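Trainee: I would like to go through the packing and the backbone of this model. Please put the structure up and I will ask as we go.

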Amino acid sequence: MKMRMKKIIGGFFCVCCLLFQTAAPVKAVNAPGQPVSDAPDETSLFATAAVLMDADSGRVLYGKNENAVMAMASTTKIMTCILILENASLDEELTVSAYAAGMPKVKLYIQRGERYRIRDLLYSLMLESHNDTAVALAEHIGKKHLSAQLRSKDTAEYTQEESRQAVAAFAALMNEKAASLGCENTWFITPNGLDATESIPLSDGSTVQRDHCTTARELAGILAYCIGKSPERQTFLDITRAQNYSFSANGRSFSCVNHNAFLNMMDGALTGKTGFTNKAGYCYVGALTREGRTFVVALLACGWPNNKSYKWADTRKLMEYGIENYYYRSFEQMGTAFEEQCLPPIPVRGGQTAVFNDTAYADVVISEEPVPGKQPDADARSDDSQDGGVSGLDGLLLRPDEKIQIKYSAEKVLTAPVERGTVVGSIDYIVDGIVYRSVNVVTKDSVAAIDLKWCARQIWKRFITFHE
């Protein structure tokens with residue numbers, strides 16, 4: 001009994017010491033002696049809205065009007081591209097409708113009735129940002145969700161209205177995907193990013209006007225998904241990183257050149273997509289990877305003609321800020337990981353013990369599996385409940401002055417019987433009030449409930465002891 005009490009008391013002080021230690025400022029071992037650089041002043045950025053994001057966690061490292069709902073122009077096409085990749089084979093062929101062929105510049109000048117491979121049009125979409133190919137691709141996937149009659153009808157024979165129905169079906173898929181990625185303020189109407197507004201009917205019979213829009217934070221999150229979590233992420237990168245691409249179809253030859261200047265601007269530049277409309281201004285979303293760290297920058301309304309280079313200046317400034325100030329810190333490294341030996345045992349009411357009238361205890365251990373989809377305690381969640389949340393992360397990008405806090409919570413008392421592996425608590429790793437990793441605390445062994453057989457044994461032991 002005394003040994004058990006010592007263990008409990010020792011565990012209590014161990015937990016207190018550990019919590020105090022993990023609340024201390026994090027040191028960046030990658031950059032000894034380097035002071036933390038100031039974040040870019042909002043006035044030093046040209047973009048009206050901007051985000052620097054840790055692509056792996058979805059954590060916003062820097063934001064300027066990051067939640068402002070704005071037009072996004074052709075950065076839309078990253079969603080169009082990833083949906084096509086996830087819903088079609090690269091070798092599939094599609095037929096061009098009159099509606100797709102009639103899209104405004106910039107365009108490939110595809111013609112009604114022509115047939116093209118999905119692969120070729122995806123390079124046209126992402127390298128040259130062709131608006132007509134975006135609609136042709138959207139119709140090809142969207143028509144699969146129309147009536148049987150329209151599914152069987154040749155797309156070349158579609159009326160304008162039927163083509164719009166197919167595009168609307170594809171836009172619904174875009175919005176469904178955006179919602180699954182945690183995007184609450186993103187709304188897609190067109191697959192190419194041309195400015196658009198539509199009326200959405202509500203259940204009470206009224207309507208609400210929705211624009212084709214997103215936020216800098218959510219746009220960055222979509223690209224983070226495309227390059228990190230999508231099953232087609234490698235193909236997405238292969239297409240968007242290509243410097244040029246040529247193909248032939250319908251007796252014509254085509255050549256596409258990548259207009260993403262960022263690919264040749266910084267070491268580690270990974271991918272990106274430009275955009276412009278009169279309403280949106282110049283927009284950009286791009287990613288960079290260096291030393292195991294992947295950053296995403298999203299810019300909206302980053303100047304109008306003749307300010308085409310503003311987006312490159314803002315992208316470089318934000319990427320350099322991330323590279324200079326954020327370093328990977330694992331939750332399992334020394335000084336951060338929760339020590340299992342610090343977990344105190346939990347008393348079990350009505351549990352069997354070796355000695356009559358003693359208190360039963362259940363030893364606990366840390367489960368090896370992270371808790372899927374655990375939600376943060378704070379409302380300031382930075383990302384993205386995409387794919388069950390980020391609670392399974394192994395680490396985060398942090399500044400040297402940022403803190404990781406550990407919150408341990410567990411049942412105060414258990415009631416027998418207790419099965420081995422029963423979840424009795426959790427350990428949360430928290431930064432700025434947001435849970436980025438959570439693991440369960442489980443019982444190490446089973447504790448049986450007091451029963452007649454156990455009582456009989458105890459009486460027999462006392463009887464023998466009494467006579468001895």
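Trainee: Which residues does leucine 219 touch, not counting residues up to four places away in sequence?

Mentor: The model is predicted, so local features need pLDDT of at least 70 and side-chain atom pairs count only at pLDDT 80 or more, while totals for chains, interfaces and linings use all residues. Residues are numbered from 1 along each chain as its sequence is written, and side-chain values use heavy atoms, with hydrogens and water left out. Leucine 219 is in helix H8, helices (H or I, at least four residues) and strands (E, at least two) being DSSP runs numbered from the N terminus. With contact meaning heavy atoms within 4.5 Å, leucine 219 touches Thr75, Ile78, Thr214, Val285, Ala298 and Leu300.

Trainee: Is leucine 219 buried or exposed?

Mentor: Buried means under 20% relative accessible area, exposed over 50%, and partly exposed in between, with a 1.4 Å probe and protein chains only. The relative accessible area of leucine 219 is 1%, so this residue is buried.

Trainee: How many residues of helix H4 are buried?

Mentor: H4 spans residues 118–128 and is mostly covered. Its buried residues include Asp120 and Glu128.

Trainee: At what angle do the axes of H4 and H9 cross?

Mentor: Axes are lines fitted to C-alpha atoms, for helices over the stretch in contact, and angles run from 0 to 180 degrees between N-to-C directions. Angles under 35 degrees count as roughly parallel, over 145 as roughly antiparallel, 65 to 115 as roughly perpendicular and the rest as oblique. H4 and H9 are therefore oblique to each other. Their axes come within 8 Å, and the crossing angle is roughly 60°.

Trainee: Which residues of H9 does H4 meet?

Mentor: H4 brings Leu122, Tyr123, Met126 and Leu127 to this contact. The partners in H9 (residues 233–241) are Phe236, Asp238, Ile239 and Thr240.

Trainee: Which residues of H5 does H4 meet?

Mentor: The axes of H4 and H5 (residues 131–142) come within 9 Å and cross at roughly 140°. That angle makes H4 oblique to H5. From H4, the contact takes Ile118, Leu121, Leu122, Ser124 and Leu125. In H5 they meet Thr133, Ala134, Ala136, Leu137 and His140.

Trainee: Where is the peptide bond from alanine 416 to proline 417 in the chain, and is this bond cis or trans?

Mentor: Proline 417 is in the loop between strand E18 (414–415) and strand E19 (423–431). Omega for the bond from alanine 416 is near 5°, and the bond is cis.

Trainee: What is the phi of tyrosine 109?

Mentor: Most residues other than glycine have a negative phi. Tyrosine 109 is in the loop between H3 and E4, and at 43% relative accessibility it counts as partly exposed. Although tyrosine 109 is not a glycine, its phi is positive, about 65°.
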